[in-house]
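Load the model in your viewer and keep the selection panel handy.

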Amino acid sequence: MAFRGSVLALALAATAARDLPAPMSDFYLEGPLGHESNFSYMNTATLGPAPRAVVEALSAAAADNEKNPNVDVYEYFKIGAELVRHKAAKFLGCSDAEVLLTPSTTFGLNTVGDGLIASGFVGAGDRVLTTDQEHYGATNVWRTRANATGFSIDEVAVPLFNATAAGVLAAFEAKLNATTYKVVAVAHVLTTTGFKLPLSELADLVHARGGLLVVDGAQAPGGLDVDFSKTGADAYATSSHKWGLGPKGSGLLCVKESAQPKVQATYLAGGYGRDIGALPDAYGVKTSSSGTVPPAIIAGQGAAFDYLADFGMADVEQHNMGLRARAAAAFSAMGCAPLGALDPAADSAPILTIALPDSHDATWTYRKLWLEYGIFVKSTGAAPTSTGSSPPSRRFWATRPWP
């Protein structure tokens with residue numbers, strides 16, 4: 001089995017062994033019309049291609065699992081999955097007892113939200129605070145449960161242009177001073193503009209008032225070097241299949257040990273796996289309440305952690321931000337103003353969102369890019385609304401004109 005023997009290599013690489021950029025040969029890349037030598041795939045913020053090493057680890061594990069599923073999936077899997085969980089903890093800067101392997105960011109956030117409601121931490125008359133630019137997958141758990149449970153949701157407006165950490169913190173502090181909030185649920189990086197929220201300072205404000213900070217980290221780990229222990233978050237969910245370059249349908253959920261008793265979701269009833277020998281049916285990845293989890297996906301996820309570690313996440317972040325800066329300068333020279341942070345070097349992630357000049361229509365630009373230059377821009381959502389980002393439409397957020 002692919003996991004056998006891997007227990008001897010518990011630690012991730014301590015130092016970077018490879019230089020960036022990664023060679024094209026690390027990936028399986030195919031253009032819209034087939035294999036093309038001049039094709040570049042630039043998207044990792046939604047679903048980018050996984051490296052060959054990840055695909056090969058996933059494929060090998062899937063084949064091995066089918067040779068003797070009862071032995072491989074139920075016995076050797078325990079060792080291999082715990083190894084991946086250990087790598088996940090090192091990747092995110094948390095303890096093994098704080099991290100769970102999940103299918104996605106949304107799954108993790110739903111688990112946390114449902115668990116906080118089930119435990120009674122959030123109930124009738126309570127309030128939840130978020131921003132006006134959250135991804136609907138992150139806020140659905142609050143919006144679908146608010147009426148039935150009896151809590152309410154408020155928002156902090158984050159500027160589309162020239163946002164600053166100090167200004168956003170001041171807006172949150174004003175809300176927190178005026179009303180008691182049990183949960184503040186925000187994105188680490190706004191999927192709309194790439195603005196990076198000052199999590200540790202926000203956590204101090206929230207904790208001083210007895211609340212919990214729940215973070216949508218979908219657009220951060222893998223693009224940025226994230227240390228969960230320094231964010232101040234009580235719960236942090238992310239997707240390995242985005243910037244983390246993992247298999248599709250892989251993610252992580254970190255829940256601070258002090259917050260775990262307040263998150264009583266059914267999925268976690270088997271425990272967080274602090275001691276893998278404590279119960280015969282409860283260990284860190286699969287518990288008595290999780291059901292069967294995908295060992296091949298988890299094997300590929302472990303390979304993705306190894307792949308990024310070979311470059312070193314500090315170097316990956318620096319490289320990504322350098323690419324963002326180059327693109328921002330080029331677009332600015334064409335009259336396309338970048339949205340988001342006033343100081344991108346301090347307050348932005350690698351995501352770049354631009355505003356087209358008033359003379360340009362987004363749909364026309366999209367078509368012209370494809371028909372005349374062979375550049376395909378994916379439709380990825382709509383503008384923020386007063387109740388959060390609306391579901392995907394045929395508008396092109398990254399090229400949508402703004403006044």
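Start by colouring by pLDDT, the predictor's confidence in each residue, from 0 to 100. This is a predicted model, in which local features need pLDDT of at least 70 and side-chain atom pairs count only at pLDDT 80 or more, while totals for chains, interfaces and linings use all residues. Residues are numbered from 1 along each chain as its sequence is written, and side-chain values use heavy atoms, with hydrogens and water left out.

**Confidence**

The chain has a mean pLDDT of 85, with 84% of its residues at 70 or more. Now select residues 1-13, where pLDDT is below 50; this stretch has 35 contacts in the model beyond near neighbours in sequence (contact means heavy atoms within 4.5 Å). Residues 384-403 also stay under 50, and the model has 75 contacts for them beyond four places in sequence. Where pLDDT is low, the predicted coordinates should not be read in detail.

**The sheet**

Next, show the strands. Helices (H or I, at least four residues) and strands (E, at least two) are DSSP runs numbered from the N terminus, and two strands pair if DSSP finds at least two bridges between them. In what order do the seven strands lie in the open sheet? The order is 1-7-6-5-4-2-3, with mixed pairing. Strand 1 (99-102) and strand 3 (152-156) are at the edges; each has a single partner strand, so one side of each lacks a neighbour in the sheet. From one strand to the next, the twist averages 20 degrees.

Select residues 127-131, which are strand 2, together with strand 4 (residues 183-187): the two run parallel and are joined by two bridges. Look for Val128, with Val183 of strand 4 opposite. Follow the chain from strand 2 through helix 4 (residues 136-149) to strand 3 and you trace a right-handed β-α-β crossover (right-handed if, with the strands pointing away from the viewer, the path from the first strand over the helix to the second runs clockwise).

Helix 6 (residues 199-207) lies across strands 4, 5 and 6, at about 150 degrees to strand 5.

Show the side chains of Leu169, Phe172, Glu173 and Leu176 in helix 5, which meet Glu201, Leu202, Leu205 and Val206 in helix 6.

**Loops**

Go to Asn162, in the loop between strand 3 and helix 5; Asn162 has a positive phi of about 55 degrees although it is not a glycine. Finally, centre on Tyr267, in the loop between strand 7 and helix 8 (295-311). Tyr267 and Ser290 are 23 residues apart in sequence, yet 5.3 Å apart in space, C-alpha to C-alpha.

Notes
Axes are lines fitted to C-alpha atoms, for helices over the stretch in contact, and angles run from 0 to 180 degrees between N-to-C directions.
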